[in-house]
Amino acid sequence: MTELRVVDVAEDHLDSVWQVRIRSFGPGGDREKWQQNARAFIEDGRLLGVVDGTELVAAARIWPFEQWWGGRRVPMGGVAGVVVAPEYRGRGVGSLLMRGVLRRCAEKGYPLTGLYPATTVLYRHLGYEFAGSRYKFSLQAADLRTLGGRGTAVRRAGVADADRFQELASKAHEDRRSSGPLIWPRSEIVSWLEDEDTFAYVAEDGFVVYNWSDGALSVDELIAGSEETARALWATVGSGSSIARTVHAYCPPYDPIHLLAEHEADGDTKINRWMLRLIDAPAALAGRGYPEGAVLEADLRIDDPELPANTGDWHLSVAGGVAELKPAEPSPDALRLGPRGLAALYAGTPVQALRAAGLVTGGAGLDPVLDLTFGGPAPYMLDYF
C-alpha cells in the first residue's frame, strides 16, 4: 500500500487538483482563470496537496490575509478550497492535509488561521472553533434611495483609489474596535476595481462596492465615517430601485443602516459561520486589541496536541490595550483550555458558555474580567473565501 503524504502542489498537479475540485464542488467556473490564480499560491508555497504515490488526491490553499481583532490587524492564514477525492474520503486524508496546512501556517508566521467549514467534525478535531458569522441582509432598494445625503460629493472609484479604500477601512475598523473583517492583499483590491461588473464609489470619508446579483443589487462593503456619507452611499446604491427592488447587504447586525432605513431588513437573513484557530498563541494574543480599561493577570494551562509550541503553562498579562503571554510555572488555579477553547475565548465567547461546553475549566473568579478583556462588538466577516 502506498504511503499518503503531504506535498507542495506543483504546476503539473493542477489538472489533478481541478478534477478533484469538480468531483468535490461540482462543475463550473473558468478553468484557465482558476489555474492562473492557483499559480500565485504555488509560487508562495500556499497550495498544499496529498498524494498517493504520484496521484494527487486532496488539496487546500492558504490566503495571506490580515484580520481585524479588537481594532488591530493580525496576520491570518485563510484556508480555502479544501478538497478530497471521493474515493479517499473517510481515510484520514483530510486530517493529514489540514495538519500540513497548520504546519505551513506556522512556517509562514500566521498567528491565526480561519476558514468556512463544510463540516465541523474535521476542523474541531484539529482545534478550530466557531468565532463569528457573515451576515447577508436584504433591504428595500426604494427605502435606501430616500436616505438623502445629497450634500455629500460621491464619485466613481477606480484602480487609483485602492490605497484610499484601505486607509478608509482601516480608520473605520480601528475606531469601531472591529473583530473579524479581512484585509485582502492589495492586488486583489486592484482586480476588483478593474472588474467592469463591480461598481465602486468613493466620498471624502467613505466608499461603497456593489454589483448585480440575480436581478438584485448586492453590497460587498460600505464604509462611512459620518452619517451624511452613509446616507449618500446607501442612496447611491438605492438609486437602482427602478430596476432592482432588493439590495442584499453584507454587514454586521449593528451596522448603522439598520438604524437609518425606515423598514427593517427582510426576515430571511442569511448567516454563514466561520471558524478560527490560534497557530502561535503568544503572537496572536499580543497582536489583538483590548479595551483600554481591561486589566488582567491570569495563569493559563494550554494543551494543544497539534501544535506543541502552544502547549504549556503560561501567564497572561493585559493592560493599556495590549497583552503579553509568557511561560510560567504551573499553577493549581490556572485556567485550563485546549485550542478550541482558546480560539473561542479569543473571539469573545462568554466564558460561562465555554465552561458549559467543557472547553474551559479552572481559573475560579476570572470569568468577569476575561469577558471584559476579550468582549466587544461581535466578530463578523464581509467576505467568503
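Author: Helices here are DSSP runs of H or I with at least four residues, strands are runs of E with at least two, and both are numbered from the N terminus. In an unreviewed entry, UniProt gives residues 4–149 the feature "domain: N-acetyltransferase". UniProt positions follow the numbering used here, feature names are shortened, and such annotations may be inferred rather than shown by experiment.

The model is predicted: local features need pLDDT of at least 70, side-chain atom pairs count only at pLDDT 80 or more, and totals for chains, interfaces and linings use all residues. Residues are numbered from 1 along each chain as its sequence is written, and side-chain values use heavy atoms, with hydrogens and water left out.

Within the annotated span, Ala10 sits in the loop that runs between β1 (4–8) and α1 (14–25). Ala10 counts as partly exposed because its relative accessibility is 28%; buried means under 20% relative accessible area, exposed means over 50%, and partly exposed lies in between, with a 1.4 Å probe and protein chains only. From Ala10 to Thr152 there are 142 residues in sequence and 51 Å in space, C-alpha to C-alpha.

β6 and α11 (339–346) each supply at least two residues of the lining of the second largest pocket, and β6 gives the most, with five residues. The second largest pocket has a volume of about 240 Å³. Of its 22 lining residues, Phe130, Ala131, Arg273, Ala344 and Thr349 are the closest to its centre. On a 1 Å grid over the protein atoms alone, a pocket is an open set of points with protein on both sides within 12 Å along at least five of seven lines, while a cavity is a set where a 1.4 Å probe fits but cannot get out; lining residues have an atom within 4 Å of a point. Points are joined across faces, edges and corners, and a volume is the space filled by probe spheres set on them. The lining of this pocket has 10 nonpolar, seven polar and five charged residues. In these classes Ala, Val, Leu, Ile, Met, Phe, Trp, Tyr, Cys and Pro are nonpolar, Asp, Glu, Lys and Arg are charged, and the others, Gly among them, are polar.

The whole structure has two cavities of 30 Å³ or more. The largest cavity has a volume of about 80 Å³. Its lining counts 13 residues, and the closest to its centre are Leu222, Tyr250, Cys251, Asp255 and Leu382. Both α6 (162–176) and β11 (216–224) supply at least two residues of this lining; β11 has the largest share, with four. Nine of the lining residues are nonpolar, one is polar and three are charged.

The second largest cavity holds about 30 Å³ of space. Among the residues that line it are Gly70, Arg177, Arg288 and Pro377. Its lining has one nonpolar, five polar and two charged residues.

Some strand pairs follow the annotated span in sequence. Strand β7 (residues 155–156) pairs with strand β9 (residues 199–203) in the antiparallel sense over two bridges; strands pair if DSSP finds at least two bridges between them. Arg155 has Val202 in β9 as its bridge partner. β9 also pairs with strand β10 (residues 206–213), in the antiparallel sense over five bridges. These two strands, β9 and β10, form a hairpin with two residues between them, and Ala203 stands opposite Gly206 in β10.

Strand β14 (residues 296–302) is mostly covered, with five of its seven residues buried. β14 pairs with strand β15 (residues 312–319) in the antiparallel sense over seven bridges, and with strand β17 (residues 335–337) in the parallel sense over three bridges. Leu300 takes part in both pairings: its bridge partner in β15 is Trp314, and in β17 it stands opposite Leu335.

Last, the cysteines. A disulfide is a covalent bond between the sulfur atoms of two cysteines. A search of the whole structure finds zero disulfides, taking a disulfide as a pair of cysteine sulfur atoms within 2.5 Å. Cys105 counts as buried because its relative accessibility is 0%. Cys251 is buried too, at 5% relative accessibility.
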